[in-house]
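Please work through the exercises below with the sequence and the model at hand. Each task is followed by a solution in steps.

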Amino acid sequence: MQTSFILQAAEAINHAILSSESVLESLDREIGDGDHFINMKRGAATIVAMRDELASLPADATLQKIGMKLLSTVGGASGVLMGSFFMAMAKTIKDNGGNDMTAIAAAFHSGVVAIQARGKANVGEKTMLDVLIPVAKVFVEQANAEREALSQALKQEAERGVLATRDMIATKGRAAFLGERAIGHIDPGAKSCQIMINAVCDLVSG
Ligand code: ADP
Ligand code: MG
């Protein structure tokens, strides 16, 4: 993975998040505290603003800096969890390299495992992990597929994961306080992960 690609992906994610203001705002207002869009917007803008500082670094150092910055600048559960994701990805790429899709999939998977460890959550708890865990699995299994097919498979799995959160009771995060009242609402963190995955897949498949 090249740093130039990471920076392009950050731009694409920033654009996609900004275009999703109303959906992210309303989802977190329904089952959270309404700040999720603000948190995601701050995170994406902060990374885009680091472009010059990151451009000459190798990919692992870039991801590490992004993770640390998200931890220190973005509030809410999502700041900590996304920060952990990038730092774990950085470590896997540093240790094992990241030059082919198999290595990138392994790094993505390790990022998701870090979110699981940090948030002490798993599939079925109505969080971002309902998108990230199944998407990471498909990514690892199909990393060698043709790019367009891989991209479609990842987007399809993200869509499935996001929709699955609708009928769940939350057992982690703020929505857990709502009990059955959370049923019928999509999880905001799952939605923003889908938005980011779609943006990067579209970038890759062009
Ligand atoms: P906060 O909940 O602190 O206001 P955000 O609104 O930015 O933070 O993020 C909320 C999202 O974080 C939720 O929609 C959910 O996807 C995710 N989340 C919350 N707690 C956890 C957890 N323990 N593990 C994984 N994801 C979580
Ligand atoms: Mg919130």
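**Exercise 1: Polar contacts of the ligand**

A polar side-chain atom of Asp33 lies 3.0 Å from an oxygen atom of ligand 1. This is a predicted model, in which local features need pLDDT of at least 70 and side-chain atom pairs count only at pLDDT 80 or more, while totals for chains, interfaces and linings use all residues. Residues are numbered from 1 along each chain as its sequence is written, chains are lettered from A and ligands numbered from 1 in the order in which they are written, and side-chain values use heavy atoms, without hydrogens and water.

Task: Which atoms of Asp28 and Met128 lie by an oxygen atom of ligand 1?

Solution.
Step 1. A polar contact with the ligand is a pair of N or O atoms within 3.5 Å.
Step 2. Asp28 places a polar side-chain atom 3.3 Å from an oxygen atom of ligand 1.
Step 3. Met128 uses a backbone N or O atom, at 2.9 Å from an oxygen atom of ligand 1.

**Exercise 2: The shell around the ligand**

Task: How many residues surround ligand 1, and which helix gives the most to the shell?

Solution.
Step 1. With a limit of 4 Å between a heavy atom of the residue and the molecule, 21 residues surround ligand 1. Asn39, Ala77, Ser78, Arg174 and Asp187 are the closest.
Step 2. Helices are DSSP runs of H or I with at least four residues, strands are E runs of at least two, and both are numbered from the N terminus. H6 gives the most to the shell, with four residues.

**Exercise 3: The chain as a whole**

Task: How many helices and strands are in the chain, and why is the chain described as compact?

Solution.
Step 1. The chain contains ten helices and zero strands.
Step 2. The radius of gyration, taken over C-alpha atoms, is compared with the globule rule, 2.2 Å times the number of residues to the power 0.38.
Step 3. The chain has a radius of gyration of 16 Å, close to the 17 Å that the rule gives for 206 residues, so the chain is as compact as a globular protein of that length.

Conventions
A polar contact is a pair of N or O atoms within 3.5 Å; within protein, one must be able to donate a hydrogen and the other to accept it, and residues adjacent in sequence count only if both atoms are side-chain atoms.
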